[in-house]
Every structure is written in structure tokens, then in C-alpha cells.
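Let's take a look at how two protein chains hold on to each other. Have the sequence and the 3D view ready.

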Amino acid sequence: MKKNLLFDAMNEIDEDMLEDVNALRGRKDAKPKLTWTRYVSAAACLCIVLIGVFAANRYELFWRADLEDPTDTEEIYENGEEHNYVFAEITTDGYAQKKIIKDTRVISEICDILHTADEAESSANKPNDSRPNWVQNDKDNSLVSDRSGTNETEKQYTIILTATDDTEEVYSLIGKTIIEENSGKNLILCDEQYTELEDLLTKNYEDEGEKTE
Amino acid sequence: MKDEAIVELYWQRDESAITVTQEKYHVYLLKIARNILNSTEDSEESVNDTYLAAWNSIPPQKPEVLSTYLGKLTRRISISLFRRRNAEKRRDGEFALALQEMEDVMTDFMDPEREMEEKLLGELLNKFLHTLKPSERRVFIGRYYYMDPLKEVAAYCGMSEGKAKTLLFRTRKKLKEYLIGEGLLL
């Protein structure tokens, strides 16, 4: 009964309000308003999500980025100069592949050994020691150890350290002798240094690559 | 023919007024009736009764907007017919559904006389409807006055059916609170 009263009372609704609605009812082309807004909203949300994922990846908010572009650097001090090394490139002579070491801890250890070797060299260079002597090869201006060829199992390593300012330090390790390319400095490693360095270089090889000789 | 001219025919007691009214408003009135009665035969009967009611009431009435005036007549007649035909049982139809939806608005009521009740409630309804946003008002009137299906109401009000449904729910709730505030509901 009471509901009926409400419906009956609706007959008292002002005519202007009824007319307003009646005018709409006559529209044959009436359809829900602009569904494109839903698609635009969905597209905007998707863009925000993608931007968030991109930013998270770029700034490593939730996971570490790929180590292809290392951003960590190890600071090495040599002769009072600071160098930030980012790559160590190791080539084993006689093998086709070279390895890139980006692990800053390993690079730091390599640098430590290389750069303390001269200290060892200067303090331990005795005439009758077992270290090799170097003979100048006039043909290609290289230095050749007088013991080269005496130990066929020795590997020869070329170590290139690349710094963040794109400078490179190139070392060749032949036996226990390190030759620094630019300065031609011979550095003789003691047994302990040599063992440590070779361990580092070989440990970080995943495979030896194909032997070329 | 314009509404003023048709109303003038009624005032001149010219029987062509009914013919002209039928030509112009038959489909419109039939839709209102069908929304309530859900029966073609009953709807036709209701609309025919509307023409008679219009003839009997004009004059003295002089409606400015004939469509609205006739719509009210058809609505009232159709609701009465619905009640007569379906006193005890429910039937399909938008009016039955609309009644059901309004169950949560009207519960108890104080006891003035029926006509006064209707007028009073009508005034309050008008005041209430003026407090609503246009979209809310249109949906409410479309659904509960014209008894249009919700889908149609949503379409001509330019919104989704879900949104229209939510609007109606909130409006019914507001109406109930309004009527309680006015002392009409306990």
C-alpha cells in the first residue's frame, strides 16, 4: 500500500523535470556515453606500469641489472694516482678465446699483485737468482726471456686492465715475469705472487677455449 | 499540430482533438502503459482510457505540455489497472520490478488521508528531486516514473547499466533518509 502511495505521488512530480527526461527518451541514437574513456584509462594505467617497470630495472630498485655494463668500480692507487678499473681482459697465448673479468674483487687482486711486484722486484733482484733475463729481439723490438721455450707447460697471459677513463694497462705474464707494455718494465714475481696470480687468472676461466697452436 | 492547438480543440469540444492526440501521442502513451502492464491488450485499454480522461478533464485543465499531462494520466490509469488485475499476485513487468526496488524505501507511515498523503508526498518528492544532480534525477524519473527498463534508462542518460543501477540504489537510500528527516517515515 505504502509503496503504491509513493508511486502515485510521483504523478505530482513537476512537469519540467518530466519533460527533461522525456526529451531524452525520444532519442533513438541514445547509447552509453563514450566508452573510449575506459580504453584511454586502461592505456594510461598500462603506460604507468611500463614506466614503473622500466625505472625499476634501470635503477635496480628490486633486482640487479645485467652485468653487461658494470657500474661498480674498484679504486686502485698506483704511484699516488687513482684508477678505477672496470675490466680485466685475459688472453692466454695459444688459445683463441679471451676472457673478460668484471668482478671488481678479482680485478683488485690482480692489480694488487701486479703493482706490488715491482716492490718485490726492486728488493729482490740478485745476480744469481733464478729469474730469467731478457734479451732484446731487434726484429720486432720485443723482449724475449732467455728461458723462453725451456718450460713448454708455461702459459703466457696477456692482461689488459681497462680503466673508467678508457686508459689501459697491458701486461704480459711469461713465466714469472711481468712486462708492462708501455713502460717495458720487467716485474719478476716471486713464487707466491705467481701462484696467486695464475690461480686468479685460471680460476676465472669458464673454459679454456680452443687451442690455436 | 502543436500542443496549444490541440488543447484548444479540447476546449472547443471538437472531437477531432482525440484523433489528433492519438496520431501524435499514441506510441508514447502505449510505451508508458506497456512498461507498467506488460500486456498489449491492457496497454491499449489504458491508453484508450487516457483519451477519455483527457476529454473529461480538458477543460477545466489547460496543460501547457500536453505530452506530460497525458503521460501522467496514462501512468495513473495503468497503475490502477495493474492493481486491479494483479491484486494478489506478482507479475512480470517493469512496474512490478520497480515496486520491489522501492520496498526498502517505504516501511512505516503516519496516517493522514490518502489524497493529502499523495499531495504531501508529491511535494516532498519534488523538493527531494531538486536536491539531486541532473543525472541522478533523470535516472530516477526514467526508472520510477516512466518505468523504463534500466538498460534503456542507462542508454538515454548516457551511462552504463551498472552505473545507473548504482545511482538508483544511492538515490533510493537518499530518498529514504530524506523522508525520515521530514518525519514521514518512522
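Start with one pair: the side chains of A:Asp20 and B:Arg138 form a salt bridge, at 3.0 Å from N to O. That term stands for a side-chain nitrogen of Lys or Arg within 4 Å of a carboxyl oxygen of Asp or Glu. Between chain A and chain B the count is 4 salt bridges.

A quick note on the ground rules: this is a predicted model, where local features need pLDDT of at least 70, side-chain atom pairs count only at pLDDT 80 or more, and totals for chains, interfaces and linings use all residues. Residues are numbered from 1 along each chain as its sequence is written, chains are lettered from A and ligands numbered from 1 in the order in which they are written, and side-chain values use heavy atoms, leaving out hydrogens and water.

Here are some salt bridges to find:

| Pair | N to O distance |
|---|---|
| A:Asp20 and B:Arg138 | 3.0 Å |
| B:Arg76 and A:Glu12 | 4.0 Å |
| B:Asp148 and A:Arg25 | 2.5 Å |

B:Asp148 sits in the loop between helix H7 (134-144) and helix H8 (150-156) of chain B, and A:Arg25 in helix H2 of chain A, so this pair joins two chains. (Helices are DSSP runs of H or I with at least four residues, numbered from the N terminus.) Are these two buried or exposed? B:Asp148 is buried, at 0% relative accessible area, and A:Arg25 is buried too, at 14%. Buried means under 20%, exposed over 50% and partly exposed in between, using a 1.4 Å probe and protein chains only. Both residues also belong to a salt-bridge network with B:Lys31 and B:Glu152.
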